[in-house]
Amino acid sequence: METEKVVPEAEELPKTIVRRVVKDKLHNCSPDTDISVHKDALLAFCESARIFIHYLSATANDICKESKRQTINAEDVLKAIEEIDFTEFVDPLRDSLDEFRQKNAGKRAGTSKSKEEKKKQKVEEVAKERPFVLDTELRL
């Protein structure tokens, strides 16, 4: 009798995204042929990725605990990747992480500038509407 392992829905990876990643990588390997992925193969990829993520996160968690911290950071994950012998991925991942941080740093800087501009506009609007309020506050 064959028993099926039931994985909680929260732990399942989105099949459409896994299919897209697999097909993209397979297409990069052989761009001349159109490769389709059988349903069972897709499930195998999903389950393999889920197990890898669990293993990687457990290893990163151990590294984090050794450092006496409660929050896993990117360096913990990179060290975990090295520890589980996927060292060839560390440099490309570090580069990707740096690129991601640079893009987000620009967004954050833009957001903080726009917030400052909005505050400045608000003060100017209040000054136009009620000049005596600002004048009184400045004296205090």
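Analyst: Helices here are DSSP runs of H or I with at least four residues (strands would be E runs of at least two), numbered from the N terminus. A quick word on the ground rules: this is a predicted model, so local features need pLDDT of at least 70 and side-chain atom pairs count only at pLDDT 80 or more, while totals for chains, interfaces and linings use all residues. Residues are numbered from 1 along each chain as its sequence is written, and side-chain values use heavy atoms, with hydrogens and water left out.

Back to that pair. Glutamate 47 makes a salt bridge with arginine 50, with the closest N and O atoms 2.7 Å apart. The term means a side-chain nitrogen of Lys or Arg within 4 Å of a carboxyl oxygen of Asp or Glu, and by this rule the count comes to five salt bridges. The cut-offs are under 20% relative accessible area for buried, over 50% for exposed, and partly exposed in between, using a 1.4 Å probe and protein chains only.

Arginine 94 forms a salt bridge with glutamate 75, and their closest N and O atoms are 3.0 Å apart. Arginine 94 belongs to helix 4 and glutamate 75 to helix 3, so this contact ties together parts that are 19 residues apart in sequence. Both ends are partly exposed: arginine 94 has a relative accessible area of 28%, and glutamate 75 has 33%.

Helix 4 also holds a pair of its own. Glutamate 99 and lysine 103 are four residues apart there, again about one turn of the helix, and their side chains meet in a salt bridge at 3.6 Å, N to O. Glutamate 99 is partly exposed at 45%, but lysine 103 counts as exposed at 53%.

Lysine 68 lies in the loop between helix 2 (39–66) and helix 3 (74–83), and aspartate 85 is in the loop between helix 3 and helix 4 (90–129). Most residues other than glycine have a negative phi. Lysine 68, though, has a positive phi of about 60°, and aspartate 85 has one of about 65°. Lysine 68 is exposed at 77%, and aspartate 85 is exposed at 62%.
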